[in-house]
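Please examine the sequence and the three-dimensional model shown below.

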Amino acid sequence: MLPEAVRAYCDDALRLLFEELPDLRTAVLATMDGYPVSSWGSPNTRIVVMAGTLQALASAFSKECQGEALQSLMMQAAAANLIVTPVSMPSGDTLVLAVVADQDVNLGLMRRGAIMCAERIKKSMAMHEQSSLGALNYV
């Protein structure tokens with residue numbers, strides 16, 4: 001469970017993503033097992049669960065082929081596009097960011113926006129962990 005301050009920052013990061021890319025349908029940050037952490041737009045529960053599975057599969061593929069971490073996964077369907085981006089937490093766990101848009105969206109901007117949003121979230125979690133550790137040192 002994320003602290004309320006971190007959850008609020010995640011909400012803000014997704015809101016900012018929607019401001020930057022108004023053609024998005026939904027953006028959802030979830031655990032790898034499909035538990036939604038934060039969402040913006042009209043979330044689809046099945047997409048949230050699929051995103052975690054896709055991210056795990058794509059990460060395994062990425063490691064097998066290049067030995068590096070996955071940056072993003074893109075899927076195109078007739079009516080929509082999906083970008084899945086991992087969000088590494090300081091604890092070592094990984095969240096997954098799924099972003100869905102109509103088929104006519106600029107895919108480069110959509111991918112860049114998703115990656116930047118994931119970075120914002122990762123930085124907020126790292127800052128929260130540092131401030132929490134600092135608070136423990138003064139107790």
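Which residues does V99 touch, not counting residues up to four places away in sequence? V99 touches L17, L24, T26, A27, N81, L82, I83, M110 and A114, where contact means heavy atoms within 4.5 Å. The model is a predicted one, in which local features need pLDDT of at least 70 and side-chain atom pairs count only at pLDDT 80 or more, while totals for chains, interfaces and linings use all residues. Residues are numbered from 1 along each chain as its sequence is written, and side-chain values use heavy atoms, with hydrogens and water left out.

V99 also belongs to the largest nonpolar core, which has 25 residues. A nonpolar core is a set of buried Ala, Val, Leu, Ile, Met, Phe, Trp, Tyr and Cys residues joined through side-chain atoms within 4.5 Å. Buried means under 20% relative accessible area, exposed means over 50%, and partly exposed lies in between (1.4 Å probe, protein chains only). The residues with the most contacts inside this core are L24, L29, L97, V99 and I121. At least two core residues come from each of α1 (4-20), β1 (24-31), β4, β5 (94-102) and α3. These names follow DSSP runs numbered from the N terminus, with helices (H or I) of at least four residues and strands (E) of at least two.

L82, one of the residues touched by V99, is found in strand β4. Is L82 buried or exposed? L82 is buried, because its relative accessible area is 13%. Leaving out residues up to four places away in sequence, L82 touches I47, L54, L73, M74, M75, A98, V99, V100 and M110.

The discussion now turns to empty space. Rolling a probe the size of a water molecule over the atoms shows where such space is left. On a 1 Å grid over the protein atoms alone, a pocket is an open set of points where a 1.4 Å probe fits, with protein on both sides within 12 Å along at least five of seven lines; lining residues have an atom within 4 Å of a point. Grid points are joined across faces, edges and corners, and a volume is the space filled by probe spheres set on the points.

The largest pocket holds about 230 Å³ of space. Of its 14 lining residues, A69, L70, Q71, P86 and S88 are the closest to its centre. α2 (45-66), β4 (80-88) and α3 (107-137) each supply at least two residues of this lining, and α3 gives the most, with four. The lining comprises five nonpolar, six polar and three charged residues. In this division Ala, Val, Leu, Ile, Met, Phe, Trp, Tyr, Cys and Pro count as nonpolar, Asp, Glu, Lys and Arg as charged, and the others, Gly among them, as polar.

The second largest pocket has a volume of about 190 Å³. I47, M50, L54, M75, A77, A80, N81, L82 and V100 line this pocket, and α2 and β4 each supply at least two of its lining residues. Eight of the lining residues are nonpolar, one is polar and none is charged.

Q71, one of the residues closest to the centre of the largest pocket, is found in the loop between α2 and β3. Q71 counts as partly exposed because its relative accessibility is 47%. S72 is placed in the loop between α2 and β3 (73-76), but S72 is buried, with a relative accessible area of 17%. Which side chain makes a polar contact with the side chain of S72? The side chain of R111 does so, at 2.8 Å. A polar contact is a pair of N or O atoms within 3.5 Å; within protein, one must be able to donate a hydrogen and the other to accept it, and residues adjacent in sequence count only if both atoms are side-chain atoms. The side chain of Q71 likewise makes a polar contact with the side chain of R111, at 3.1 Å.
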